[in-house]
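Work through the exercises below with the sequence and the model open. Try each task before reading its solution.

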Amino acid sequence: MEAEYSASCLCGKVGLKMLGPVGMSVVCHCGMCRRHTGCAYSHVVSFPSEKVSYTEGSESDILNYSSSDELVRKSCRHCGGWITNVVAAHNLTAVPIGCIHDAVKDNSYIPDFKPRVHLFYADRIADVNDDAPKMRTKDPADGLVKT
């Protein structure tokens, strides 16, 4: 049986159901993610796109922004809250950890959502003290950042 997770935007007019298993839990420190979130980094959990569906609202409630050739950032048309990133070339939909209901229990991530890797860690503006590997960019050939 697949795990089932739910998420919503700030106002709740867009709701999602995601069926597991989780593809990857990623923390990104690139400048584009920092500008998009207004935070030091973004943390997303990815699922195969066909395993993500609307429980509230529809595509008409979404604003799409193609921030690169690879990535479409989707936000709620009503509250502006970020709801997903879609990477069509890899058939992945990434959901921000803060939108996922019950992602944290007793001040810790549930195991499926614990960060597995940091991307663009060389560009970080804040150190993160966890056990996840910290990649210089998103390309493994660029190596890890020594911490």
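**Exercise 1.** How many residues line the largest pocket, and which of them lie nearest its centre?

*Solution.* Keep in mind that this is a predicted model.
- Step 1: take the lining. It holds 27 residues.
- Step 2: go to the centre. E70, L71, V87, L119 and K138 lie nearest to it.
- Step 3: trace the lining to its elements. At least two residues each come from β3 (24–28), α1 (31–37), β4 (42–48), β8, β9 (92–96) and β12 (117–119).
- Step 4: sort by class. There are 18 nonpolar, 6 polar and 3 charged residues in this lining.

**Exercise 2.** Which residues line the second largest pocket, and what is its volume?

*Solution.* 
- Step 1: list the lining. T37, C39, Y41, S42, H43, W82, P96, I97, G98 and C99 form it.
- Step 2: give the volume, about 170 Å³.
- Step 3: sort by class. The count is 6 nonpolar and 4 polar, with no charged residues.

**Exercise 3.** Why is strand β7 largely enclosed by the rest of the structure?

*Solution.* 
- Step 1: count buried residues, with buried meaning under 20% relative accessible area. In β7 (residues 72–76), 4 of the 5 residues are buried, so the strand is largely enclosed by the rest of the structure.
- Step 2: pair one partner. Strand β6 (residues 62–66) runs antiparallel to β7, and 5 bridges join them. Y65 faces R73 of β7 across this pairing. The hairpin linking β6 to β7 passes through 5 residues.
- Step 3: pair another partner. Strand β8 (residues 82–87) is antiparallel to β7 over 4 bridges. Here V72 stands opposite V86 of β8.
- Step 4: inspect the β7–β8 turn. This hairpin has 5 residues between its strands, and G80 in the turn shows a positive phi of about 80°.

**Exercise 4.** Which members of the largest nonpolar core touch the most other members?

*Solution.* 
- Step 1: name them. In this core of 19 residues, they are M18, F47, V95, I100 and F113.
- Step 2: find the contributing elements. β1 (4–8), β2 (15–19) and β4 give two or more residues to this core.
- Step 3: follow M18. Beyond its neighbours within four places in sequence, M18 contacts A3, E4, Y5, S6, A7, F47, K51, V52, V95 and I100.

Notes
Residues are numbered from 1 along each chain as its sequence is written. This is a predicted model: local features need pLDDT of at least 70, side-chain atom pairs count only at pLDDT 80 or more; totals for chains, interfaces and linings use all residues. Side-chain values use heavy atoms; hydrogens and water are left out. Buried means under 20% relative accessible area, exposed over 50%, partly exposed in between (1.4 Å probe, protein chains only). Two strands pair if DSSP finds at least two bridges between them. On a 1 Å grid over the protein atoms alone, a cavity is a set of points where a 1.4 Å probe fits but cannot get out, and a pocket is an open set with protein on both sides within 12 Å along at least five of seven lines; lining residues have an atom within 4 Å of a point. Ala, Val, Leu, Ile, Met, Phe, Trp, Tyr, Cys and Pro count as nonpolar, Asp, Glu, Lys and Arg as charged, and the others, Gly among them, as polar. Grid points are joined across faces, edges and corners, and a volume is the space filled by probe spheres set on the points. A nonpolar core is a set of buried Ala, Val, Leu, Ile, Met, Phe, Trp, Tyr and Cys residues joined through side-chain atoms within 4.5 Å. Contact means heavy atoms within 4.5 Å.
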